[in-house]
Amino acid sequence: MIVLGIETSCDDTSVALVAEEGLILEKTALQEDVHSLFGGVVPELASREHQRLLGPLCQALFSQSGVSPRDLGAVAVARGPGLLGSLLVGLGLAKGLCLATGAPLVGVNHLHAHLLAAGIGHDIAYPALGLLVSGGHTQIWRMASDFEFTLLGRTLDDAAGEAFDKTAKMLNLPYPGGRYIDLLGQGVPPDHSLYPRPHLDDPGLDFSFSGLKTAVAEHVRKRPGLRMADMPAPGDPFDPALADPETRVACASLNWTVADTLRIKLTRAAKLHGPFASLVVAGGVAANSRVRSMAADLADRLRLALRLPPLALCSDNGVMIAHMGRKLAMAGFGHGLDVDAIPRGKKIPLDFKVLS
């Protein structure tokens, strides 16, 4: 079965074709240049860009892959959570393709797809302890199977990725800033006492990164020299060695603080809700080198199989939507054309229908 995956939940427009053998082709267009002027995603601009880009991307995908829309066994689309306007663009195209071709429609939970992306090319051993960490979400999940997810902990305010991006803005780094924070911190010993590891006094599994963001802001306010004087343009070569050593220490310390906070909460989750067979870490912040190193060390200490998505599949992508959509379709699950988009902050219902 060939499945088309459509991802338009935020500011990345991505489509992909997958089959039993794996990925056939992926096409992705980023919107960094559009949103960098504002230092963050502007929802109205994001949806307009999706509308402009999605059709040509799909045309190129089918043309270059040699796959016809009539060959599709299913069309999978991210139905949420995300920006409502952006989701509606992808969902509209998916419904149109299903009407035109007769292919069944599968609405995919964007968050669950991120977690399952860690299993592309490698089976995930269940039950799995899952960490989804991105710009909009920081969550701990118990994964009993490809389709059974139980939320154990979540961020109460800012997500870890937002702490990275807001820090980058304070330091006059390009948007999106998480990757630059990571680059600046690599190879630099962190100061473990520089920032507080947030919300650890709470014995539960929820997160809160707003206090960490405030602590960084206060540190930068007292040391304005930490700000980069010459900010490189997005996509331009970036040499971390040219940054002030104190700036690099600040970034290394933030990387360590976030990673260690995640480690402590994951360790608690393993004790409270185990046993587990594997550790899954996914989402945009799973590309952070310190977070990946932490995950490897923790999995080794807990004797769990580690599953991390390749760097290219950490951010939003159509491959993960097609991958999970194909699993659902092969199991006989899908949706009618009345399926709706679910914006961030609302629970995605388990309203699958059995495909005939």
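In the predicted model, His137 is in contact with Pro81, Leu111, Leu132, Ala159 and Arg344, leaving aside residues up to four places away in sequence. His137 lies in the loop that connects β6 (128-133) with β7 (138-143). Its relative accessible area is 15%; because this value is under 20%, His137 is classed as buried.

Strands β7 and β8 run antiparallel and are joined by 5 bridges. Within this part of the sheet, Gln139 stands opposite Arg154 of β8.

Another open sheet, also of mixed pairing, contains 5 strands in the order β3-β2-β1-β4-β5. Its edge strands are β3 (22-30) and β5 (105-109), and each of these pairs on one side only. Neighbouring strands in this sheet are turned by 20° against each other on average, direction ignored. Strand β1 (residues 2-7) is linked by 5 bridges to β2 (residues 12-19), and the two run antiparallel. Here Glu7 is placed opposite Ser14 of β2. Helix α3 (residues 84-101) packs on the sheet and touches β1, β4 (72-80) and β5. The direction of α3 makes about 160° with that of β4. Helix α4 (residues 110-117) also packs on the sheet, with contacts to β1, β4 and β5. The direction of α4 makes about 80° with that of β5.

The largest nonpolar core comprises 47 residues. Ile140, Leu173, Leu262 and Leu279 are the members with the most contacts inside it. At least two residues of this core come from each of β6, α5 (160-170), α6 (178-185), α7 (210-222), α8 (245-273), β9 (278-282) and α9 (289-302). Helix α8 gives the most, with 9 residues. For Ile140, the residues touched include Leu129, Leu131, Leu152, Phe207, Leu266 and Ala269, with residues up to four places away in sequence not counted.

Methods
Residues are numbered from 1 along each chain as its sequence is written. This is a predicted model: local features need pLDDT of at least 70, side-chain atom pairs count only at pLDDT 80 or more; totals for chains, interfaces and linings use all residues. Side-chain values use heavy atoms; hydrogens and water are left out. Two strands pair if DSSP finds at least two bridges between them. Helices (H or I, at least four residues) and strands (E, at least two) are DSSP runs, numbered from the N terminus. Axes are lines fitted to C-alpha atoms, for helices over the stretch in contact, and angles run from 0 to 180 degrees between N-to-C directions. Contact means heavy atoms within 4.5 Å. Buried means under 20% relative accessible area, exposed over 50%, partly exposed in between (1.4 Å probe, protein chains only). A nonpolar core is a set of buried Ala, Val, Leu, Ile, Met, Phe, Trp, Tyr and Cys residues joined through side-chain atoms within 4.5 Å.
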